[in-house]
Amino acid sequence: MTSPVFRFVVLVLAWLPLAFAVWYVLAPVILFPAELIVRGFADVALRGLVDTIDSHGAVLSFVTSLRPGEARSAGIVTVDVNVLLYAFGLPLFVALVLAAREKPLWRPLLVGYAVMMPFIAWGVLADFLKNVAITAPPLVASQAGFGPRARDMIAFAYQLGSLILPAVVPAVVWVLTHRAFLTRMRATGAAAATRGQH
Amino acid sequence: MARFFVVFLVLLAALFAVELTPWAQAYFVVPWTNALAAISTSIVTLFDPNVVASGKVIRSVSNGFAVSIEAGCNGVEATLVLCAAILAFPAPWRHKFAGLAIGVVAVQLLNIVRVISLFYIGQWDFAVFEWAHQYVWQALIMLDVLIVWLIWVRRVPAADDAPPPALAAG
């Protein structure tokens, strides 16, 4: 008899290509809520630093008030951030939900989608801030006005938002929304282990 | 469930914060990453002798293509997630230690596959490399962590462990 975990993995791997394809093609639509959060945060907390945010597909262009050089008329600094970099957990989450086949499917899909949007926005905003406060040339970074402590916080937020959150959040939400599935899977595992002992 | 997730998140935050310290970078992350590059290269040279490793960089001598194993691709964060998940779950310590030992190896084995596959995908088509590197392999490594954890959870004897509130509540 095939292990339920093996069957589950096969199903996830079967759904993953389709989930990735839909995610990539519909990214500007699917990720629009995250874009709204980014715009809202920029309006409230980054006023004076971010003039406008243009979207080109899944790329957000932050048009800043920063100048690239000392001359005031030398143009402005823009920072492009690829939202997909922080959203690859969405197709993984969808594949996990579809593979688990827990009815009703729409509930975990909706919950996961809603929960992941702020974390995707986190990654995008931290990426932008890291660009202007840390990796920009000193002349640009100094205009941004972040002190050493703020730069440390931005660095940590960026590392967390790029290395941990995009991968962990979908897994955590999936576990939280599939407790019954996990309980059943665990029970079959325990039963198999008991049979193995006798 | 709540206790498991609180402990998991606290452990993950602590492990991640420690990982970012200069000390951990110098004495753990950098040697780990260099070892990953060396191991991947030694496997590759079994069928492709024109590949060398230098620190965290794997390079093809024949065409000059090289990949540098950076943070996020060295499997350290995936390993931390798995460690936090196993340590947070209510289970006997001997099961935790076994899960950590086998799980870390399982995650790193797939990570070696990731590094080697990206090295060759990059020589074939850079656009595909970017896609595989930035999206697909990131998801697959996390899936690996989740599956390893699921397999481990199934093997934790129910009699020995306090009823996992997380799962029982479901």
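**Figure 1. A:Glu35 and A:Arg39 pair up within helix α3 of chain A.** Both residues belong to α3 (residues 32-45) and are four residues apart, about one turn of the helix. Helices here are DSSP runs of H or I at least four residues long, strands are runs of E of at least two, and both are numbered from the N terminus. The two side chains form a salt bridge, with 2.9 Å between the closest N and O atoms. The rule for that asks for a side-chain nitrogen of Lys or Arg within 4 Å of a carboxyl oxygen of Asp or Glu. In general, oppositely charged side chains can pair when their charged atoms come close. Over all chains, the structure holds three salt bridges. Keep in mind that this is a predicted model, where local features need pLDDT of at least 70 and side-chain atom pairs count only at pLDDT 80 or more, while totals for chains, interfaces and linings use all residues. As for bookkeeping, residues are numbered from 1 along each chain as its sequence is written, chains are lettered from A and ligands numbered from 1 in the order in which they are written, and side-chain values use heavy atoms, with hydrogens and water left out.

**Figure 2. A:Asn82 reaches across to B:Tyr135.** A:Asn82 sits in strand β3 (residues 78-82) of chain A. Its side chain joins that of B:Tyr135 through a polar contact of 2.9 Å. Such a contact is a pair of N or O atoms within 3.5 Å; within protein, one must be able to donate a hydrogen and the other to accept it, and residues adjacent in sequence count only if both atoms are side-chain atoms. A polar atom of the A:Asn82 side chain also lies 3.0 Å from the backbone nitrogen of A:Leu84. Setting aside neighbours within four places in sequence, A:Asn82 is in contact (heavy atoms within 4.5 Å) with A:Ala58, A:Val59 and B:Tyr135.

**Figure 3. Chain A meets chain B.** The contact takes 38 residues from chain A and 37 from chain B. About 3,300 Å² is buried between the two, and carbon and sulfur atoms give 82% of it; buried area is the accessible area (1.4 Å probe) that two parts lose on being put together, summed over both. A:Leu163, A:Arg179 and A:Arg186 supply 21% of what chain A buries against chain B, more than any other three residues. Zero salt bridges turn up across this interface, but the rule does find five residue pairs in polar contact, both at pLDDT 80 or more. On the chain A side, α1 (4-25), α4 (89-100), α7 and α8 (179-197) each supply at least two residues. The largest share, 12 residues, comes from α7(A). By class, the side of chain A that touches chain B has 30 nonpolar, six polar and two charged residues. Nonpolar covers Ala, Val, Leu, Ile, Met, Phe, Trp, Tyr, Cys and Pro, charged covers Asp, Glu, Lys and Arg, and the others, Gly among them, are polar.

**Figure 4. The largest pocket takes its lining from both chains.** Its volume is about 710 Å³. A pocket comes from a 1 Å grid over the protein atoms alone: an open set of points with protein on both sides within 12 Å along at least five of seven lines, whereas a cavity is a set where a 1.4 Å probe fits but cannot get out; lining residues have an atom within 4 Å of a point. Points are joined across faces, edges and corners, and a volume is the space filled by probe spheres set on them. Of the 30 lining residues, B:Ala71, B:Gly72, B:Cys73, B:His133 and B:Gln138 lie nearest the centre. The largest share, seven residues, comes from α7(A). The lining divides into 19 nonpolar, eight polar and three charged residues.

**Figure 5. The second largest pocket has a nonpolar lining.** About 260 Å³ of space lies in it. Its lining counts 15 residues, and A:Leu165, A:Val168, A:Val169, B:Leu9 and B:Leu12 are nearest the centre. Again α7(A) gives the most, with eight residues.

Figure 6. Two or more residues each come from α7 (148-177) of chain A and from α1 (2-20), α3 (76-88) and α5 (126-155) of chain B. The class count is 13 nonpolar, no polar and no charged.
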